[in-house]
Amino acid sequence: MEKTYINHAIKELFERIKQIEDYRKNNPGCDPNAYEMVEILSIYKSIVSQSGKQQQTLKSDELDYIREVVGNFLQPRMSQFNELNTQLQITQKSALCEYFNFAFSSKDSALEDEKVESICARACGINFFIQQQLRENLNKNSNDILYSNDYEYEKLNYDITNSNLPSEVEKAIKNLKAEIETAHNKTPKGYIQEITKYYENSNDKSSQNKKDLSANNYERC
């Protein structure tokens with residue numbers, strides 16, 4: 001990726017963020033889009049990685065600025081994930097927030113791989129859909145099935161199991177996957193009971209111990 005191409009990628013990244021932010025301004029109160037967040041992170045990680053491979057093609061202050069822009073894009077959406085999670089009183093920090101914190105800070109080049117990106121994007125998208133359905137059911141005092149797309153569910157499980165994902169990526173989507181599995185063909189009441197028990201019994205408490213997130217709190221890439 002030559003300097004001119006990196007500059008083009010940066011321009012594309014900023015334009016994409018602006019489009020999303022403009023939509024958000026015109027649609028106040030709208031939910032985040034987990035697929036878009038994965039897309040932005042993928043472009044960002046590619047810029048950082050390719051710049052490093054080109055022997056510091058970008059200056060450190062340029063990379064810091066790009067990092068700040070992406071961090072400021074992620075932070076309010078991650079806060080919404082946490083607010084939703086807190087309302088449900090399941091964990092202090094959501095599995096979605098846990099994943100995006102990892103993806104933003106990780107140096108793992110596997111996140112640039114299209115197949116890995118696709119799996120992570122689907123895991124995030126399905127998980128957030130479930131959280132949205134749970135919220136709607138609770139608001140309406142309803143007890144409908146949260147998630148019943150058998151093909152999508154089985155395809156995601158198959159791809160996670162058979163794609164030889166790096167261990168750090170598997171760990172990062174562990175709680176996302178557990179929440180999806182728990183919600184599959186479950187009512188809100190059944191889901192809340194089981195996922196609460198999952199987190200109570202889990203040996204991985206990382207999702208409950210993270211500090212509040214902001215662009216300045218992320219570990220340097």
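**Cavities and core**

A: Let's start with the largest cavity: α2 (34–53), α4 (95–105) and α5 each supply at least two residues of its lining. Helices here are DSSP runs (H or I, at least four residues), numbered from the N terminus. This is a predicted model, in which local features need pLDDT of at least 70 and side-chain atom pairs count only at pLDDT 80 or more, while totals for chains, interfaces and linings use all residues. Residues are numbered from 1 along each chain as its sequence is written, and side-chain values use heavy atoms, with hydrogens and water left out.

Q: How many cavities of 30 Å³ or more are there?

A: Rolling a probe the size of a water molecule over the atoms shows where empty space is left. On a 1 Å grid over the protein atoms alone, a cavity is a set of points where a 1.4 Å probe fits but cannot get out, and lining residues have an atom within 4 Å of a point. Grid points are joined across faces, edges and corners, and the volume is the space filled by probe spheres set on them. Here the count is 2.

Q: Which residues line the largest cavity?

A: Among them are Val38, Leu41, Ser42, Lys45, Tyr99 and Glu117. Helix α2 gives the most, with 4 residues. By class, the lining has 7 nonpolar, 1 polar and 2 charged residues.

Q: And what lines the second largest cavity?

A: Its lining includes Phe81, Asn85, Ser94, Phe128 and Glu179. Helices α3 (60–88), α4 and α5 each give two or more residues. The classes come to 5 nonpolar, 4 polar and 1 charged.

Q: Which residues have the most contacts inside the largest nonpolar core?

A: In soluble globular proteins, nonpolar side chains tend to be buried together. A nonpolar core is a set of buried Ala, Val, Leu, Ile, Met, Phe, Trp, Tyr and Cys residues joined through side-chain atoms within 4.5 Å; buried means under 20% relative accessible area (1.4 Å probe, protein chains only). The largest core has 58 residues, with Leu13, Ile47, Val70, Tyr99 and Phe100 having the most contacts inside it. Helix α5 (residues 114–139) gives the most to this core, with 10 residues.

Q: Is serine 163 buried or exposed?

A: Serine 163 counts as buried because its relative accessibility is 18%. This serine lies in the loop between α6 (150–162) and α7 (167–172).

Conventions: Buried < 20%, exposed > 50% of the residue type's maximum accessible area, 1.4 Å probe, protein only. 1 Å grid on protein atoms, 1.4 Å probe; cavity = no way out; pocket = protein on both sides within 12 Å on 5 of 7 lines; lining within 4 Å. Nonpolar A, V, L, I, M, F, W, Y, C, P; charged D, E, K, R; others polar.
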